[in-house]
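Below are some notes for a colleague who has not looked at this entry before. Please read them with the model open.

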2 protein chains.
Amino acid sequence: MKTDINAYITENQNRFFEELFSLIRIPSVSAHSHRQTEIHQCAQRWKELLLEAGVDEVNIFPTDGNPIVFATKVTDPALPTIMVYGHYDVMPAEPLELWKSSPFEPEIRDGKIFARGADDDKGQSFMHAKAFEYLVKTNQLKYNVKFLLEGEEEIGSENLEKFCSENAEMLSCNTILVSDTSMLSAETPSITTGLRGLAYWQIEVTSASRDLHSGIFGGAVANPIMELTKILAQLTNSEGKITIPNFYDDVEEVSDYERELIAQIPFDEEDYKKKLSIKNVSGEKGYSTIERTGIRPALDVCGIWGGYTDEGTKTVLPSKAFAKLSARLVPHQQYEKIAELVTKHIKQIASENVEVKVDFLHGSQSYVCPIDSPEYRAAEAAYTKIFGIKPLPVRRGGSIGVIPVFEKVLKVKPLLMGFGLESDAIHSPNENFPIDLFFKGIRTITEFYLQIQSDKKS
Amino acid sequence: MKTDINAYITENQNRFFEELFSLIRIPSVSAHSHRQTEIHQCAQRWKELLLEAGVDEVNIFPTDGNPIVFATKVTDPALPTIMVYGHYDVMPAEPLELWKSSPFEPEIRDGKIFARGADDDKGQSFMHAKAFEYLVKTNQLKYNVKFLLEGEEEIGSENLEKFCSENAEMLSCNTILVSDTSMLSAETPSITTGLRGLAYWQIEVTSASRDLHSGIFGGAVANPIMELTKILAQLTNSEGKITIPNFYDDVEEVSDYERELIAQIPFDEEDYKKKLSIKNVSGEKGYSTIERTGIRPALDVCGIWGGYTDEGTKTVLPSKAFAKLSARLVPHQQYEKIAELVTKHIKQIASENVEVKVDFLHGSQSYVCPIDSPEYRAAEAAYTKIFGIKPLPVRRGGSIGVIPVFEKVLKVKPLLMGFGLESDAIHSPNENFPIDLFFKGIRTITEFYLQIQSDKKS
């Protein structure tokens, strides 16, 4: 009798953890330029793990940025091909003092793996390697498989589009699988069918050429922090609308029917508020929380700094103030156009008494996935079998820069089979991934292969 | 023939530098709680230097905060007493990367001493010790002298008022001398006759209980940085007025005659702009730059921070945002009342979607000194003799918390014999003090003693 996936997981779970932890222990933080060694170490570790899982060949391709790991398993050249996409880079772990255990030393507590990357995306992408390993080792794989793992997802995947264009033949495939999203809840599985785009700027406001004594100069020299707050405060209004001219011009107007479907997605506002410890939900007037994060654009200041930020009371009129600003975009909004609009508007509303520099740091387009494709149906069947309930199609607020790139360059619409939860705290201190979902993810991915393989045969 | 002060300085200048440098090398940063050892070392070093300079007795008094150094020299109990006030604590040196030489290793370049505290206030208060030493060593001292050096001036002198009240008898004096202010320029000496008061707050805005992914939550959860910018942006208007209700209620209305005198103070706006590398002066409509920093209150954000402030593009919706806010106050504005007004107003205008905490960190009253007292006239004569030009009485924008306390508790109006320059960059990187002014300061202080001693005799 063939070992079934449950038995295989049970037999091998300690090894699975050790392999995943070996990836997590490498702090492959792409936003920090001093982590280049770790970036390369992590790519190398993926290479070893993929070879052990059963691929024929793995290459690490240099790019102008971080290297790309690419692996192939040819079962039969006549068979169709699945390509798995994931990323081995992680977000910075700061603020470190808020972590209960070290971010790069995974710890299992309360049935969860706690570590930076436990979910996003080391944990999620590793499930694909293990589902693949099971299918190979038990001779059930009836597809060709490719793995593409990049190291710049968290900083905008800037070199992946070029890599895809230059290697379109090598990357050609019929289906792209990505696990880098979350579900509505552990009990309400969902498949992400839409992603918001992203535009990200850094703003620098300069007044005098050096920090000044606020007593001697205060009242006569422009304060760059105050000028920055005046700029930022003007970008949204009391109704939660973004006030930048033409910002909403290309926003997809979602039909009433679709909005009705969205209204059916289970959502407990009290529970949402409680989990986040917020007093109220807030945002654009006329839209629900799910709409605000799924079908509407949003503007956020991700960081701000300037002047004296240490203990005590230094009386200084600072020279400079900075902010990091991001916009989440929806279908039809092109980030290049938005980048220009926002930059121009900020310069226009800035005081003449200060220098204002706006740097566009990166952007990605939004994405929508059809729900009537054979791939979506196979995924739906796989989730239904493993979770015991049909997954809901949901448009989510996050951005995965490369998804629209695959669509554009490889002409394949990726399928977003995510297994994360909102409570996984990705990008935050104490990121975690429930072991139950780690195992269910491996089983669902395995089931997806079995489903789609039987589709192709029938 | 008696050694004159010029010869005395020339003979002893290397020792003067070494003694001053021994104070500067101790990083007595009062805002940093981990500098307690250095605070105590610096007080101890002052004790040694004052004994060497010729005082009879020095005691270091503990307080609830940093210790107070108090020294006495009794020439004749029947004579009047001068008390010198200074502070041995310094501002933090951050941002360290902007210093050309190490802030706590003094370096002489281009005729200036570069170091944190070179001017404020180690350099300036040390001149008093050396003028006193000269008078003692050459038997010319005809006054009793007291030295009071505190270690909390840069954090609001919180324990000095209590110390003064409890030791009013010990501190009793006829004249208080303070060198902790600046002159209009090296060529236009001036005596500070007014100081602004200060009120200082820290604001903390909290949204969710943890940092969130800006893609998943952006648009539906209040952004604490944006809410903070909306608060701060509202506190001043486009005419440079502070918009907090009742803020101006008690502001002294300076007479037209006084404003005419102020208009006569030499001021080169182009040069001012050039020195600060600013595009324009700015501030309250209807007032000149000198008025804006001398007779009008001002509001400044001294620091702001929140979210991701490192390299790159972390997409985060932060949990918290912070700002340090200060107000400079003018005569008749009571900081206690302003503290309350501002705190109340900020809470009132804050969004209901976030928690806003406002902590009042410290305050000091404003001060005005008469220009017809014997002390002022003696100082005026001393400056005139050493600088070759009569000093102008000027109201300045800075705050020295203890000055109004002396007036209130000891019933003596301190005389502010400052020798700093705006270009000394106090509270900023590359703080410095010109050697020429260091020597002229010692000579002017010496001359002040000789003038006031001859006044008393006549």
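1. The second largest pocket of this predicted model has a volume of about 810 Å³. Of the 29 residues lining this pocket, those closest to its centre are Pro95(A), Leu98(A), Pro429(A), Asp211(B) and Ser319(B).

2. Which elements give two or more residues to the lining of the second largest pocket? They are β5 (112-114) of chain A, and β11 (298-307) and β13 (320-329) of chain B. The most comes from β11(B), which gives three residues. Sorted by class, the lining holds eleven charged, ten nonpolar and eight polar residues.

3. Chain A superposes on chain B by a rotation of 180 degrees with 0.0 Å of shift along the axis, at an RMSD of 0.0 Å. This is the relation of a two-fold axis. Of the interface residues of chain A, 99% are also interface residues in chain B, so the copies meet through the same surface.

4. Ser182(A) sits in the loop between β7 (175-178) and β8 (190-195) of chain A. Is this residue buried or exposed? Ser182(A) has 10% relative accessibility and therefore counts as buried, the cut-off being under 20%.

5. Leaving aside residues up to four places away in sequence, Ser182(A) touches Ile216(B) as well as several residues of chain A, among them Ser190(A), Thr192(A), Arg396(A) and Glu422(A). The C-alpha atom of Ser182(A) is 27 Å from that of Ser454(A), which is 272 residues away along the chain.

6. An unreviewed UniProt entry lists residues 193-352 of chain A as "domain: Peptidase M20 dimerisation". This span is 32% helix and 23% strand, and its end C-alpha atoms lie 45 Å apart.

How values were computed: Residues numbered from 1 in each chain as written. Chains lettered and ligands numbered in written order. Predicted model: local features only at pLDDT ≥ 70, side-chain atom pairs only at ≥ 80, totals over all residues. Heavy atoms only, no water. UniProt positions renumbered as here; feature names shortened; annotations may be inferred. Helix = DSSP H or I, 4+ residues; strand = E, 2+ residues; numbered from the N terminus. Least-squares fit on C-alpha atoms with pLDDT ≥ 70 in both. Contact = heavy atoms within 4.5 Å. Buried < 20%, exposed > 50% of the residue type's maximum accessible area, 1.4 Å probe, protein only. 1 Å grid on protein atoms, 1.4 Å probe; cavity = no way out; pocket = protein on both sides within 12 Å on 5 of 7 lines; lining within 4 Å. Points joined across faces, edges and corners; volume = space filled by probe spheres on them. Nonpolar A, V, L, I, M, F, W, Y, C, P; charged D, E, K, R; others polar.
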